[in-house]
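Here is a short briefing for a reader new to this structure. Look at the sequence and the fold first, then read on.

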Amino acid sequence: ALAGSGVKAGQSPAGNAVRFVHTGPYSTMKATYDRITAWFDANGAVAKSESWEHYISDPGNTPEAELVTHIYFLVE
């Protein structure tokens, strides 16, 4: 941790990743994750355990239907 700042330094995972884009309310993200699973199955790709979401839009000033989230998965 950086002394008294509440910030902790670390490493990000390395390797190839795939990015998926979800547009719309967070409550509909399960459907996007279902499509992601189908993509992995159809392409014979294998996801590593590391994944993350990057919230592109600010939900405080973006209509729900226009929210954009990038979803990343590291792949083997």
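The points below go from the overall fold to the sheet, the helix and the core.

This is a predicted model. The protein has one helix and three strands. Read from the N terminus, the elements follow the order β-α-β-β.

**Overall form**
- The radius of gyration is 15 Å, whereas a compact globule of 76 residues would come near 11 Å.
- Along the principal axes, the C-alpha atoms fill a box of roughly 45 × 35 × 15 Å.
- Of the 76 residues, 25% are buried.
- The protein exposes about 5400 Å², and carbon and sulfur atoms supply 53% of that area.
- Among contacts with a separation of 6 or more, 64% link residues 24 or more positions apart.

- Three strands form an open sheet in the order 1-3-2, and their pairing is antiparallel.
- Strand 1 and strand 2 (47-55) are at the edges, and each has a single partner strand, so one side of each lacks a neighbour in the sheet.
- From one strand to the next, the twist averages 20°.
- In general, strands of a sheet pair through backbone hydrogen bonds, in a parallel or an antiparallel way.
- Strand 1 and strand 3 run antiparallel and are joined by seven bridges.
- Strand 2 also pairs with strand 3 in the antiparallel sense, over six bridges.
- Strand 3 is mostly covered, with seven of its eight residues buried.

**Partners across the strands**
- Phe20 stands opposite Ile71 of strand 3.
- Glu53 has Ile71 in strand 3 as its bridge partner.
- His22 has Thr69 in strand 3 as its bridge partner.

**The helix**
- Helix 1 lies across strand 1, strand 2 and strand 3.
- The helix runs at about 30° to strand 3.
- Thr32 is placed in helix 1.
- Is Thr32 buried or exposed? Thr32 has a relative accessible area of 4%, and the cut-off for buried is under 20%, so Thr32 counts as buried.
- Leaving aside residues up to four places away in sequence, Thr32 touches His22 and Ile71.

**The nonpolar core**
- Which residues make up the largest nonpolar core? There are eight in all: Val18, Phe20, Met29, Ile36, Phe40, Ile71, Phe73 and Val75.
- Strand 1 (17-23), helix 1 (29-43) and strand 3 (68-75) are the elements that give two or more residues to this core.
- As a general rule, nonpolar side chains in soluble globular proteins tend to be buried together.
- Met29 is one of the core residues. With residues up to four places away in sequence left out, Met29 touches His22, Glu53, Thr69 and Ile71.

- Ile71 is a member of the largest nonpolar core. Ile71 also stands opposite Phe20 and is the bridge partner of Glu53.
- Both Met29 and Thr32 touch Ile71.
- His22 is touched by Met29 and by Thr32, and pairs with Thr69 by a bridge.

Terms used:
Residues numbered from 1 in each chain as written. Predicted model: local features only at pLDDT ≥ 70, side-chain atom pairs only at ≥ 80, totals over all residues. Heavy atoms only, no water. Core = buried A, V, L, I, M, F, W, Y, C linked by side-chain atoms within 4.5 Å. Buried < 20%, exposed > 50% of the residue type's maximum accessible area, 1.4 Å probe, protein only. Helix = DSSP H or I, 4+ residues; strand = E, 2+ residues; numbered from the N terminus. Contact = heavy atoms within 4.5 Å. Pairing = 2+ DSSP bridges. Axes fitted to C-alpha atoms, helices over the stretch in contact; angles between N-to-C directions. Rg over C-alpha atoms; globule rule 2.2 N^0.38 Å. Areas by Shrake-Rupley, 256 points an atom, 1.4 Å probe, with all protein chains shown as cover.
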